[in-house]
Amino acid sequence: MFNKSAIIGLLTFFLCLVSASIVDFDEDKFNELIGGDVPLLVEFYAPWCSHCKDLKPTYEALADSYDHVKEKVYISRIDADKYKSVVKSQGIKGFPTIKLYMPGSKTGIEYTKEKTLEDLVKFVDENTGLIGNIKPIQSFVVDLDESNFDEIVGDPSKHVMVEFYAPWCGHCKKLKPTYEKVAKDFHKEKNIIIARVDATANDSLNTRYRIGGYPTVYFFEANKRNENPVSFAEGREEIAFVRFLNEKCGTHRVPGGGLDNKAGRDTEMDKLVRKFILSDHPVERSDLSNFVRRFSMDKKDRASQFYYKMVKKAEEDRDFIFREYDRVKNILGKLKIEEQFYDDFKTRLNILEVFKSSAIEAIELEKEAAANGQRPINEL
């Protein structure tokens with residue numbers, strides 16, 4: 001039974017956390033609630049721990065599964081780096097460690113099975129008598145089988161990464177959340193598909209690609225025969241998949257789905273922009289502007305068009321570069337990675353970095369020339 005004061009205290013605490021699914025404990029709150037009237041499921045994690053980072057989306061989904069009964073169980077976590085005394089008192093030896101503290105007990109029941117959402121929910125349900133409501137998680141991984149494999153993998157316009165897995169395989173279960181993150185990271189790339197095949201249910205594919213163990217991951221490059229895939233053996237971390245796909249597909253993704261600082265940039269265009277900004281010769285500037293215009297017409301993409309737009313704006317008012325840089329940076333700071341406009345504004349900011357650095361260089365050269373009583377000489 002839950003007493004009234006405990007329930008009121010819990011509700012107040014949750015409201016203060018702005019209805020966050022996961023409750024972040026500090027040392028005082030942990031010591032206050034452990035052994036109380038409400039079960040506590042606690043993840044002891046370290047911010048630098050890669051396994052903790054891999055667990056995060058699953059643990060968040062776990063918390064969401066008990067959102068309908070959040071006054072009856074805490075799905076919580078504590079920063080082990082920050083609160084070392086708690087870690088020591090609970091005998092934590094590695095991260096992440098998950099323990100369930102039942103009412104009236106300060107001795108946690110350690111969770112030792114696979115850290116899948118289904119298994120974690122089962123663990124909480126069996127010990128607390130609650131029923132977790134597992135909410136479907138959007139997946140960007142494409143499921144393939146014998147009926148659609150050749151059509152999707154054989155599309156000459158698509159790069160396809162395929163995981164051959166077995167449902168009972170522990171290593172496959174461990175890879176699953178990372179593979180899901182990789183699929184989400186690249187879901188905006190229209191020419192990249194992250195897929196999987198249940199090899200145990202598709203014997204012909206298993207035989208065709210001589211799958212000898214699970215998981216086996218192959219990369220099928222666009223415009224190449226799908227009988228000769230590249231074996232992926234770079235590791236099982238998200239960053240390893242991201243680096244591999246960027247190299248093979250010419251993309252610029254980072255873990256989490258964002259873009260790196262080179263996205264949208266073109267080396268030759270960067271050189272032309274620098275020459276344009278530094279030049280004080282009207283004919284040369286006109287020629288450079290025409291080069292950029294032809295480039296944007298040939299490429300026909302938003303990034304190259306933005307190069308030309310900025311050249312025309314800078315031609316009229318160099319200070320526009322700084323105003324536009326600040327404007328775009330401010331907008332980007334308010335966008336989340338998954339939002340549809342993120343990519344566009346990130347590539348704009350990357351391109352504006354070239355314009356800004358060139359404009360700063362031009363200003364410094366003008367100051368130096370003025371100090372020497374000369375016109376700047378541009379050695380381009």
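**A buried cysteine, then the loops**

Guide: Start with cysteine 172. Its relative accessible area is 5%, so cysteine 172 is buried. Cysteine 49 is buried because its relative accessibility is 4%. Disulfides are absent: a search of the whole structure finds zero. Keep in mind that this is a predicted model.

Now the part you asked about. Go to the loop between α8 (203–208) and β9 (216–220), where proline 215 has its place. Tyrosine 214 and proline 215 are joined by a cis peptide bond. The omega there is about -10°. Arginine 210 is found in the loop between α8 and β9 as well. Arginine 210 is not a glycine, yet its phi is positive, about 50°. Is arginine 210 buried or exposed? Its relative accessible area is 71%, and exposed means over 50%, so arginine 210 is exposed.

Step past β9. The loop between β9 and β10 (230–231) holds asparagine 223. Asparagine 223 has a positive phi too, about 70°, and is not a glycine either. With a relative accessible area of 64%, asparagine 223 counts as exposed. So arginine 210 is exposed, and so is asparagine 223, whereas cysteine 172 is buried.

There is another cis peptide bond to visit. This one joins phenylalanine 95 and proline 96. Its omega is about -10°. Proline 96 lies in the loop between α4 (84–89) and β4 (97–101).

Now step back to the whole chain. It has 14 helices and 10 strands. Of its 380 residues, 44% count as buried. Its radius of gyration is 27 Å, while a compact globule of 380 residues would have one near 21 Å. Along the principal axes, the C-alpha atoms fill a box of roughly 85 × 60 × 30 Å.

Contacts come next. Take those with a separation of 6 or more: 69% of them are between residues 24 or more positions apart.

Finish with surface and charge. The accessible surface is about 20,700 Å², and carbon and sulfur atoms account for 50% of it. The chain carries 59 positive side chains and 63 negative ones. The centres of these two sets lie 2 Å apart.

Conventions: Residues numbered from 1 in each chain as written. Predicted model: local features only at pLDDT ≥ 70, side-chain atom pairs only at ≥ 80, totals over all residues. Heavy atoms only, no water. Disulfide = S-S within 2.5 Å. Buried < 20%, exposed > 50% of the residue type's maximum accessible area, 1.4 Å probe, protein only. Helix = DSSP H or I, 4+ residues; strand = E, 2+ residues; numbered from the N terminus. Rg over C-alpha atoms; globule rule 2.2 N^0.38 Å. Contact = heavy atoms within 4.5 Å. Areas by Shrake-Rupley, 256 points an atom, 1.4 Å probe, with all protein chains shown as cover. Lys, Arg positive; Asp, Glu negative; His and termini not counted. Charge placed at Lys NZ, Arg CZ, Asp CG, Glu CD.
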